[in-house]
Amino acid sequence: MSLTPSPPLPKLVVVSNRLPIAYREDSTGATIPRLSPGGLVAALAPALAGSGAAWVGWDGTFSGSEEPLDLEGFSLQPVSLTQAQITNHYEGLSNSTLWPLFHNVGVNPEYSEAWWADYLQVNRLFAQRVCNVVAEDGTVFVQDYQLMLVPEFVRSLRPDVAIGYFHHIPFPDATHVAGFEHAAELLEGLGACDVVGFQRQSDVDHFRACLQELNPSVEGTSLPHSAAYPISIDSAAVSTAASQPMVLAKAQEYATSWGNPEWVFLGVDRLDYTKGITQRLLAFEELLASGAVSADTAVFVQAGSPSRENVARYQQLSAEIDAIIERVNTTFPSVTGRPAIVYLRENLPRTDMLALFVVADVMVVSSLADGMNLVAKEFVAARHNDTGVLILSTHAGAAEQMPEALLVDSFVVSDITKVMQEALIMEKGETARRMKQLRADVAIHDVAEWATTILGDLSQARKA
Ligand code: GDG
């Protein structure tokens, strides 16, 4: 009998709510898992490459298998969750309590004891899985608000490992967060980390103030190392992909289908109430009403990928968007019958998304609150000829790094209309100067830099 030695345990374990995979059926009806490339995959690929790393998360199925999957060099470790756990942990506490709590845009967090119980339970399951797979003295890197208790649970079982946590969404005013009945548990649990990362310095400041407010006896030195690590995109990959013939052909096809209007305004988002989609459509309505453009000379293309459709507030948003579009398109008809607002309510293939970035004249990112906003960065990375204007909300983390955008307080619709008008009359030279600078900054500060910096700090913090 020959014994095969088991492979060494992974030194780095990334933990996120969703594993970066999607299933599709092949011609025989068999289900095939595929790696779904996203920013985080690209960012962590170098660190995860080879046999020394694993990724723990939910694979999107109900009560699915926990069998590890090896895909394109990634060792994926699915955590099996029941439908009730998904409802309570993901749709409930994560997306109906914590998401509105941390974005603080006037949507009241809902709460139920059952949600909290399953939030605890699911965080425990994730932590358990991490502890089973991570090598001694290894590193655990936890992603985002769905898993805020994982660091504490991991620490209690595995004092040997280094633990980092990155908060992808905003951390608003301390008093607001401290008002949540389990705020102390969530935040003090993060105290088990060696490094806690946020998008902006203001998020870091609010987090530290909140910890002090919840527990005034906490001394500066007993706080975990917390700092800003602004996330970014795989700039070179986006830039290269955006110049592929398929993308350029699709861009041409779009322009032709809209009747080659002089101005293409663009919005690209998950359909989420934090993204300020209604505000920007209302601003475009004002722009049409002002006579600065007409439905013949301009089109607003809104791409919206459906998101969290089981949550009532998202259904309400979808209805609000439909009503505005219907009204604008009826009030401002074009000669050809092409609507003033073209609504692509679907999860677009990557090629089509890039084609939209290429064909747009004015990109409008009007988030009411947004950790970073990667769409703003993708747009500039996709612009090869230094044309195109970026309108960017001051409430998106990206605004701090993209000062050459036309910055706007997106709560004020008439201010969005004003910057749309500015974009229409901006000199070509000025547009190019701004775009060149934006592109140069995004090219340098890419997601690889983000991953290297935060993982580097994590290894330093552990040694200290
Ligand atoms: C969270 C934080 C933070 C969107 N629609 C389609 C599509 N997308 C892609 C975009 C972009 C990504 O999804 C969205 O990223 P964002 O950063 O804009 O927003 P969130 O999803 O809210 O992300 C955010 C981020 O985490 C990272 O830390 O920046 O603040 O909220 O990459 O391109 N991609 C395709 N079709 C679509 O229809 N293919």
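We take aromatic rings, then charges over rings, then helices.

Guide: First, the ground rules. This is a predicted model, where local features need pLDDT of at least 70, side-chain atom pairs count only at pLDDT 80 or more, and totals for chains, interfaces and linings use all residues. Residues are numbered from 1 along each chain as its sequence is written, and side-chain values use heavy atoms, with hydrogens and water left out.

Visitor: How many aromatic pairs does a search of the whole structure find?
Guide: A pair of aromatic rings is described by the distance of the centres and the angle of the planes. Rings of Phe, Tyr and Trp (its six-membered ring) pair if their centres lie within 6.5 Å; planes under 30 degrees apart are stacked, over 60 edge-to-face, the rest tilted. The search finds 17 pairs here. In one of them, Phe-102 and Phe-171 have ring centres 5.4 Å apart and planes at 55°, so the pair is tilted.

Visitor: Which parts does the pair of Phe-102 and Phe-171 tie together?
Guide: Helices (H or I, at least four residues) and strands (E, at least two) are DSSP runs, numbered from the N terminus. Phe-102 lies in helix α2 (residues 83-103) and Phe-171 in the loop between β8 (162-166) and α5 (174-178), so the pair links parts 69 residues apart in sequence. Phe-102, Phe-171, Phe-198 and Phe-207 form one aromatic cluster.

Visitor: Are Trp-116 and Phe-180 buried or exposed?
Guide: Buried means under 20% relative accessible area, exposed over 50%, partly exposed in between (1.4 Å probe, protein chains only). Both Trp-116 and Phe-180 are buried.

Visitor: Which charges lie over the face of a ring?
Guide: The test asks for NZ of Lys or CZ of Arg within 6 Å of the ring centre and within 35 degrees of the ring normal. Arg-18 lies over the face of Trp-58, 5.7 Å from the ring centre. Lys-250 lies over the face of Tyr-254, at 4.8 Å.

Visitor: At what angle do the axes of α10 and α14 cross?
Guide: Axes are lines fitted to C-alpha atoms, for helices over the stretch in contact (heavy atoms within 4.5 Å), with angles from 0 to 180 degrees between N-to-C directions. Helix α10 (residues 277-290) and helix α14 (residues 413-425) have axes that come within 8 Å and cross at roughly 60°.

Visitor: How many residues of α13 are buried?
Guide: Helix α13 (residues 374-381) is mostly covered, with seven of its eight residues buried. Among them are Val-375, Phe-379 and Val-380. The cover includes α8 (235-242), β11 (263-270) and α15 (428-444).
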